[in-house]
Amino acid sequence: MELVLDFVFWLGFFSNLVILYLFLKNKEKGYHKKILFIIFSIVLFTLVYFYAILHKYQLLYRITFIVEDAAATLIGPLLLLYVKSIFLPSKKLLQKSAIYFIIPFLYFIFFTIPYSISMFREEGYIFEYLNSCDGYIPIIDIYSVICCFISLKVLNKAQHIILHYHSNTDSVHLGWIKKMLIGALSIVGVDILFTIGELIWGALSWNSFYLIAAGIVFVLVYLGYHGLMQSRVLVPNFLFDKHNPIEEDRKEPVINEEENQEKIKELYTKTEEQDLKQSLTHLMENEKPFLDPDLSLRSLAKLLAVKEKKLSAFLNQYLDISFYTYINEYRVNEVKEKLSDPANNHLKILAIAYDCGFNSKTSFNRIFKNTVGTSPSLYKKQFL
């Protein structure tokens, strides 16, 4: 059993070091990168702490305890800060989010430090209140669970808003962040369940940290693998592009960007609405800007000589459609037209898709099937 656990821990160490190396190697500067580096450094200390318990390395256990003990209450707020730092790149972000760190700070002062000092004493805890709290303390990890849920809510809102700015979202690597949050949520949740179980039924016959450590390693291996396959996954920087409207709107958080519909409608008169509709339709059908896989709301607005806000309002309120859906419907129609042309029978479906503005096989198949109701290959067969 010990040999298996050793393998699990060393696999975790390796994966964690790979991730930290990718951060150091990446030249992208950003507040979000620093936060994530801190998170995975804490995770590394936590693994070392569990490894010290397994092999009874007392000195190593004492050194890493102070980080591991604070980790469970700190990881949730850090993840929330990380998610916000991606969508709200502001120097004042930490100051605005300081409230989330009050509970971890108080826990660190009144429990982590006293517990750490008590390890070097033979006569027990340094403060009497620690005796009455011992065994119940891990329940405070519920705070991290709450922060993870808030992070998921923020992420879901941000993903919805991204569809209003990008015609292709394959370069918008947010899926792994959601999985990381779910992984952290699961690990902390399991720790809380074990704590409650021990309070009700007494100490378990085996150390629950084995399962927790395995969960941490599993998440690390997953992230490490994806980081090796595409290092940009671990440090997304698309939202910091100087042409990105999300990054530019610093005064009003994008995650709360819900404009009043009546106010939006005031942006256009009936005549302006019809003029823009004609201009947009003419542009899409004749110049076909949707063939550009990197087409964004900003670039389309420039072609129409209108402001992004007005174009976004027009699509969302008057056409009742997101920019993402609007552009990809044109791409799908272009693919359909080419698939129905016998002159293109020698071309592969994916090659046609790329020519029509798609940049991913997975997203193309999904979008085509959702729009047409059948797969691209079955659609093509009816013209053969």
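This is a short chat about reading a predicted protein model.

Biologist: What should I know before I start?

Modeller: The model is predicted, so local features need a pLDDT of at least 70 and side-chain atom pairs count only at pLDDT 80 or more, while totals for chains, interfaces and linings use all residues. Residues are numbered from 1 along each chain as its sequence is written, and side-chain values use heavy atoms, with hydrogens and water left out.

Biologist: What is the average pLDDT of the protein chain?

Modeller: pLDDT is the predictor's confidence in each residue, from 0 to 100. Here the protein chain averages 81, and 83% of the residues score at least 70. Confidence is highest in helix α16 (residues 349–355), at 95, and lowest in helix α10 (residues 245–248), at a mean of 42. Across residues 237–264 the pLDDT is below 50.

Biologist: How many helices and strands does the protein chain have?

Modeller: Both are DSSP runs numbered from the N terminus: helices are H or I with at least four residues, strands are E with at least two. This chain comes to 18 helices and 0 strands.

Biologist: How do I read two packed helices?

Modeller: Two packed helices are described by the angle between their axes and the distance between the axes. Axes are lines fitted to C-alpha atoms, for helices over the stretch in contact, and angles run from 0 to 180 degrees between N-to-C directions. Take α3 (residues 58–87) and α7 (residues 142–162): their axes come within 7 Å and cross at roughly 15 degrees. That makes α3 roughly parallel to α7 (angles under 35 degrees count as roughly parallel, over 145 as roughly antiparallel, 65 to 115 as roughly perpendicular and the rest as oblique).

Biologist: Which residues make the contact of α3 and α7?

Modeller: Contact means heavy atoms within 4.5 Å. Among them are Leu79 and Val83 of α3, and Ile150 and Val154 of α7.

Biologist: At what angle do α2 and α3 pack?

Modeller: Helix α2 (residues 31–55) and α3 pack at about 150 degrees, with their axes 8 Å apart. So α2 is roughly antiparallel to α3.

Biologist: Is Ser296 buried or exposed?

Modeller: Buried means under 20% relative accessible area, exposed over 50%, and partly exposed in between (1.4 Å probe, protein chains only). Ser296 counts as buried because its relative accessibility is 19%. Ser296 is found in the loop between α12 (270–287) and α13 (297–304). Not counting residues up to four places away in sequence, Ser296 touches Tyr165 and Phe323. Of the 384 residues of the chain, 46% count as buried.
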